[in-house]
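I opened my notebook to record what I looked up in one structure.

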Amino acid sequence: MIKSNSKIALSRVSPCEKSVNVVHLGLGAFYRAFACHYFQKLNAIKKNSVRIMGVSLRTPDLIRVLARQDGLFTAFEKGPSQLRPQVLDSICEAVFAPDSPSYLLEALASPTVSLVTLTITEKGYCLVPSSGELDLTSEDIIYDLEHPKAPRTAIAFIVYSLNLRMNRGLRPFTCISCDNLPSNGVVLSNAVLKFAKNIDEGLCNWISEFGIFPSSMVDRIVPAISHDDIDYLSDFIPHIDLAPVVHEPYSLWVIESAVETNIEFNLQEVGVKLVPNVEDFERLKLRCLNGTHSALAYLGYLAGFKTIFEAVSQPVFETFLNKLWNNEILPSVIPPPDFETSAYIEKLFERYKNPNIRHLTKQIAMDGSQKLPQRILGTIIDNLNSDRNIELLCEVVAAWIRYTSGKDEFGNNFDVIDPKTQKFYELHKKEKNATHLVEGYLLLDDIFPLALRRNDIFRTTLEEVLVRQIHGGTLKSLKEALK
Ligand code: CS2
C-alpha cells in the first residue's frame, strides 16, 4: 500500500505541444475508461498522435477536476482477482461548454480537428425514442435553433461548427457516436441533417454530400464511481487523483470502415475492429447485453438487489437470463459472420459475475424511456412477427412499469431518473390496476411503436405478467414464468 502523506496531485510532465485534433462531446466515465485506452495505445506507437479536447455540455464538476490534473486520470482495470491502475493522458484540454460556447465552436471548426466523438447518452440526441427521429418539439432543440452562437446540445454544436467549416472551405470532421443506439451513425447524421435543414438548405446538402458518420458498437462495463471508491482506490496509486475511473478487462470497439477516410491515425493498429457493416454487432450487443442489463436493473432493483453481481448470484436470475437469451433474444438476432454466439453469451455471464465491478442496478435503470425501445421492444416486435415467445421480455416491461412508480416492492420510495418521470408518476397516481396501467402506458406513443400499441398478444401478455408481479412480487413471477 502507498502512504498518502507523500502524495502529489496528478499532473503532466510535459505539456501537450500541438493543438487538439479530436473533440469529444459528453465527457464522462465511459469514454475515459473505454476510448481513451485505444488512444493511449496510438500515442504509445506515435507520440502525441491523438490530442483530445474533452467537453462536458451539462455538468462542470468533472471538467474542473480534470483541468486541475492537466487532463490526466487513472483508469483501474478490475478483474475478478486483480486491480491494475494506469494513468491515461490523451486528454489535453477539458472544457465545460456553457463557460464559453464560442470557444468550443471555434475549436470544432479548427482545421486540425478531424474527428468528433460523442457519448451524450440516448437522451442527448433529442430524439423521439419510438421513431429515432430528431424531436423538433424538444425544448433544447427549439432553444438551439434560436441561439446559433451559444447552443446547448451536441447536435447544434456539430451543425453550427460544420457551418463555419463550410464557409471557411474546410472539410467536415468525421463524427462517431459511441452511444448505445442502433445504427447510431445513421441516427446521428439524420438528426444533424434535420437540424441543419432548419437553418440552411445549402448547409444540409453540403453535410449530406461530404459528412462522414460511421456507426460504431462500443462495449465495456464501466460502473459509476463513488467518493468512497475514490478513497479506497487512492491506496493503490502513488498520486492524488480525484477523477479516476474503473472498468472491467473486456473491451470491444467495432466501427464502420468509412471511418478510415479523413482521420490521420490507424485505429485498427490498436485493436479497433473495422467492418463494412456494424449493424449485426450493434443489434447483438444491444439486445443481448443492454437488454439483459435493463432486465436485471428493473427486476433486480425491485427485488432488492443493488448491483448486477448481486442479482446474477441468485439462481433464479441465472435461469431467467439463460432462458431469456436462448429463447427470446438470440432467435431475433443475426450474428456477425464467424461469430460464436454461445461463447459470447457465456462470456457475458462471466462479465456480470465479476465481483469487483459494483455496477448499480439503479444506474442502469436510469432513462428507461430512452433505452427500452432498442433494448427490449424491438425484440418483442420481431418475436411477435415470427410467432415466438415474449413472456420473459414482458417480465422486463412490467418491471419497468412498476419501477417508474418510484416505489420498490418493500414500500421504499426512490427517485426515478428519466425525462418522462412526471408523466410516469401521474399515470401511477391515476391508474391503480394492471389493466388501466397497461392501457395508460401503451398510449405513450413516443416509447411504444404502433406495432406494439395495437398488438393484442402483447397487451394481454404484459397485463398478465404485471398482475402476477403486483400480486406475488418479482421473484415469484419469474419463478412462475420459468416453470
Ligand atoms: C448499461 C451500459 O448503463 C447502461 O445502460 O447497460 O452502460 C453497458 O454497461 C455498456 O453498454 C456495456 O458496454
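The entries below begin with the ground rules and then turn to the ligand and the sheets.

**Entry 1. Ground rules**

I noted that this is a predicted model, in which local features need pLDDT of at least 70, side-chain atom pairs count only at pLDDT 80 or more, and totals for chains, interfaces and linings use all residues. Residues are numbered from 1 along each chain as its sequence is written, and side-chain values use heavy atoms, with hydrogens and water left out.

**Entry 2. The shell around the ligand**

I first asked which residues are around the ligand. I found Asn180, Val218, Asp219, Arg220, Lys285, Leu289, Asn290, His293, His359, Ile364, Lys371 and Arg375. A residue is counted here if one of its heavy atoms lies within 4 Å of the molecule.

I then sorted this shell by class and recorded 3 nonpolar, 4 polar and 5 charged residues. In this scheme Ala, Val, Leu, Ile, Met, Phe, Trp, Tyr, Cys and Pro are nonpolar, Asp, Glu, Lys and Arg are charged, and the others, Gly among them, are polar.

A polar side-chain atom of Asn180 lies 3.0 Å from a ligand oxygen. For Lys285 the corresponding distance is 2.7 Å, and for His293 I read 2.8 Å.

**Entry 3. Where the shell comes from**

Which elements give two or more residues to the shell around the ligand? I listed strand S11 (216-219), helix H10 (279-302) and helix H15 (368-385). Helices (H or I, at least four residues) and strands (E, at least two) are DSSP runs, numbered from the N terminus. H10 gives the most, with 4 residues.

At the level of domains, the shell draws at least three residues from each of domain 1 (4-275) and domain 2 (279-481). The domain bounds come from an automatic or database domain assignment.

**Entry 4. The sheet that contains S11**

I followed S11 into an open sheet of 3 strands, in the order S11-S14-S15, with mixed pairing. Two strands pair if DSSP finds at least two bridges between them. S11 and strand S15 (273-275) are the edge strands, each pairing on one side only. The twist averages 15° from one strand to the next; axes are lines fitted to C-alpha atoms, and angles run from 0 to 180 degrees between N-to-C directions.

Strand S14 (residues 252-256) pairs with S15 in the parallel sense over 3 bridges. Ile255 stands opposite Leu274 in S15.

**Entry 5. A second sheet**

I turned to another open sheet of 3 strands, ordered S5-S4-S13, again with mixed pairing. Its edge strands are S5 and strand S13 (245-247), and its twist averages 25° from one strand to the next.

Strand S4 (residues 73-78) and strand S5 (residues 83-88) run antiparallel and are joined by 6 bridges. A hairpin connects S4 to S5 through 4 residues, and Ala75 stands opposite Gln86 in S5. S4 and S13, by contrast, pair in the parallel sense over 3 bridges, with Glu77 opposite His247 in S13.

Key: A polar contact is a pair of N or O atoms within 3.5 Å; within protein, one must be able to donate a hydrogen and the other to accept it, and residues adjacent in sequence count only if both atoms are side-chain atoms.
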